Every structure is written in structure tokens, then in C-alpha cells.
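Biologist: I would like to learn how to read strand pairing and aromatic contacts in a model. Please take me through one case at a time.

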Amino acid sequence: MDLDLPAEALELQKLCRDFAAAEIEPYAESWSEAERFPAEVFLKMGELDLTGLLIPQEHGGTAAGYLSYVAAMEAIGAADQSFAACWNAHSTIASLPLAVFGTDEQKRRWLTPLAQGTHIGAFGLTEPTAGSDASGIRTTARREGDEWVIDGTKMFITNAGTEISLGVTILAVTGRNDDGAKRFGTFFIPTGTPGYSVGAPLRKIGWHAMDSRELIFENCRIPAENLIGEEGNGLRQFLDVLDAGRISVAALALSLAQEALRLATAHAAAREQFGKPLSAFQAVQHMIADMATEVEAARALVYRAAWLADNGRPFGQAAAMAKLYASEAANRAAGASVQIHGGYGYIRESKISRLYADAKVLEIGEGTNEIQRNVIARNVLRAVPHRA
């Protein structure tokens, strides 16, 4: 069993680590305090071919694969979770529906600029009355001649309101089948389309540098060719690409847990109490040991899910396990690290305070951890042989 990362993944990780050290780490605190998304830094990522790692080369990406993407996320996420989360949303749920289900023309018009990083992408699923229950969305799309008319509201949507937002891909109800079941469609709505507007930036507990908005559609008319994939199959299409997003969130959580551990060990070695460093106390040593063990366990789950995806094998259950465990490990690591830092960890000037605030949403985004447990249990129980 070879657990070493391929050379290309290590090279990409080093590139991202160097980029983060120069362009992200020195400014992350100021972005957080100002609650500002640094669009200019995202554009620089595009110049380094870092914005289309999961997109084929013919559409402007690099097709680096999931192992390399996770390795890159470890570097970017350790520098700043807000910025990394925006990059995550752009790279997965905002781009993959077009990559997997889009026509050649749709890929040329929308996927290529996303992959090249000249613009940032967004995906709109969650609504004020629908989150974990994706089928409960109420935004509608009705066909009128050569147009679709969109009406409804999306909530907590990332990347839709920046100065470099290309548009948003949304899921909408297109009608009902004979049995009464909803039909769904996936649509791309360019920024600036009449009838499409964005609300004010949402103020959050964490992820302060992420642009999060409410999206409003009122008699929003788009050409018929803005439908992505098959009408009626939109929900299935979204679920097909959601597993990739779960790997990405799991990698984001892994980066947070690893950085929380690094900060804790550095502080424990430098801080003295009762005439000796904190690291000399067994209680602190045990917290660090638990954190380190959980980081390694999370890393194994995340990279296994990525390896399965890269090798064309089913990875839905593995992605759910990775997201579930890594996000909860990240929260435990952040809490333990703040405890080790003491008062220094509770002031906003400390990096661990930002990580602590950022950690909670990892258990919520890309499917709550309750939903992950449902997915895992369903797959495990399905594999149990039934006895007569």
C-alpha cells in the first residue's frame, strides 16, 4: 500500500503553499475584519491555473484530479478558510454541473471562463424553506416559447455577488409528473440578467471574507438554451456532483484541523506557566495527541475518497464519511487549540479564533452531518444480505 502522494500532487501543493504564504496569509485577518472577498487574489489563482483543477483541459482546466485538489486545499485552507471555501464552491458545485452535463456551447461560454479563473462561479440550491431537503425547493422555472421564466428565492449562496461573478447555476422546479412528483431543471443565469438580483452580504459567525447572499428571481427570463442537461432530471444531476463537493469540504476541514494542531503545538512550546512550557504538562500533551491522531484519521478518509473518485470507483459513501468525520474532527481540534491558547486564543487578533469561528459551518455546508449519517447508514444497510 503506497500512501505517498504522486509527485504532481506534491508539486501542486508546494505551489499553493508558496502562493498562500505570499498572497493570502499576510492579509487574511484584514479581509476577515473588513468582511471583504479579495477578488484580485482569486484572479491571481486563475493566472496560476488553480481555478479549474477538476475541469478537462479542453475547457480551460488542468484535470489535476481529486488527490491533487485535496493536496492543494490543505495548503490554501490552512492559510484562510474563508478564501478557500470560496475557491471550493467555485471549483466543485459551481463548475462541475457545466462540466458533466453542459453542452459544448455552454462549456465554451461559461465553463471555460470559470476554469481559467477570469470569473468566479456560484451554485444556488438552498432556499429560506429548503436546505437539507433539496426536493423541497420552491423556486420555479416555467417554459414560455423560447424562454424559461424563473421566480423564487435562494439563500446563503456563495460567490454570486462579487465583482467577478459570472452568474449562478440554480436548481428549480419545472413542473410535476403524472404521479404528482416534482420535476427539476438546472439553469445558468448570468450576472446582470433582468429579474435577477442579489441581496446585501450576509453577516456570519465565521467565513467573514466569503461573499454570501440571498438571490431573488422575479419574472427572470433566460433563453431556453440556458437549461443545463435534461429538463426533469435536475435534482439527480445535482446529487451526482454533490459527492465531489463533499470531498472538497472534507479537505477544507482537514486543512483547518491540521492548522489548529500546528498553532496549538507552537503555542504550547513557547508559552510558559509555573516555570515551564505548556508542552511539558501531561494534560496539554494528551490534547495534542488526540488532535494529531484525529488529523491523521481524517486525512486517511479524505484521501481515500479522493483516490476512489480519481480511479472511477463509487465514492459517495466514502465522501460522506470523510466529510462527516473531518468536519467534526476540525471542530474538536479548533476547540482544543483555543483551550491550549487560553486567553490568547480568544482574542480576534489570533488566527485560532478565526479557525474556531469558521469550523462550525463545516458540519452544516454541503449536506449537514445528519444527512451524511443518513447517506452512510443507507449504503451500509443496503449492503447487508437479507435473510429469508
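Modeller: Start with the turn. In this predicted model, strands S2 and S3 form a hairpin with 2 residues between them. Glycine 145 lies in that turn and has a positive phi of about 60°.

Biologist: In which sense do S2 and S3 pair, and over how many bridges?

Modeller: S2 covers residues 140–144 and S3 covers residues 147–158; the pairing is antiparallel, over 5 bridges.

Biologist: Which other strand pairs with S3?

Modeller: Strand S7, residues 212–223, pairs with S3 in the antiparallel sense over 9 bridges. Here isoleucine 150 has cysteine 220 in S7 as its bridge partner.

Biologist: Now the rings. What describes a pair of aromatic rings?

Modeller: Two values are used: the distance of the centres and the angle of the planes. A search of the whole structure gives 10 aromatic pairs. One of them is stacked: phenylalanine 123 with phenylalanine 238, at 5.0 Å centre to centre and with 20° between the planes.

Biologist: Where in the chain are phenylalanine 123 and phenylalanine 238?

Modeller: Phenylalanine 123 is in strand S1 (residues 120–124), and phenylalanine 238 is in helix H8 (residues 234–270). They are 115 residues apart, so the pair links distant parts of the chain.

Biologist: Is phenylalanine 123 buried or exposed, and why?

Modeller: The cut-off for buried is under 20% relative accessible area. Phenylalanine 123 has 8% relative accessibility and therefore counts as buried. Phenylalanine 238 also counts as buried, because its value is 7%.

Biologist: What kind of pair do phenylalanine 274 and phenylalanine 281 form?

Modeller: That pair is edge-to-face, with 6.3 Å centre to centre and 70° between the planes. Phenylalanine 274 counts as exposed because its relative accessibility is 78%. Phenylalanine 281, at a relative accessible area of 24%, is partly exposed.

Biologist: What lies over the face of phenylalanine 281?

Modeller: Lysine 276 does, at 4.8 Å from the ring centre. Elsewhere, the charged end of arginine 332 sits over the ring of tyrosine 325, 5.9 Å from its centre.

Biologist: Which residues do ring pairs link into a cluster?

Modeller: Tyr27, Trp31, Phe37 and Phe83 are linked in this way.

Methods: Residues numbered from 1 in each chain as written. Predicted model: local features only at pLDDT ≥ 70, side-chain atom pairs only at ≥ 80, totals over all residues. Heavy atoms only, no water. Pairing = 2+ DSSP bridges. Helix = DSSP H or I, 4+ residues; strand = E, 2+ residues; numbered from the N terminus. Phe/Tyr/Trp six-rings, centres within 6.5 Å; stacked < 30°, edge-to-face > 60°. Buried < 20%, exposed > 50% of the residue type's maximum accessible area, 1.4 Å probe, protein only. Lys NZ or Arg CZ within 6 Å of the ring centre and 35° of its normal.
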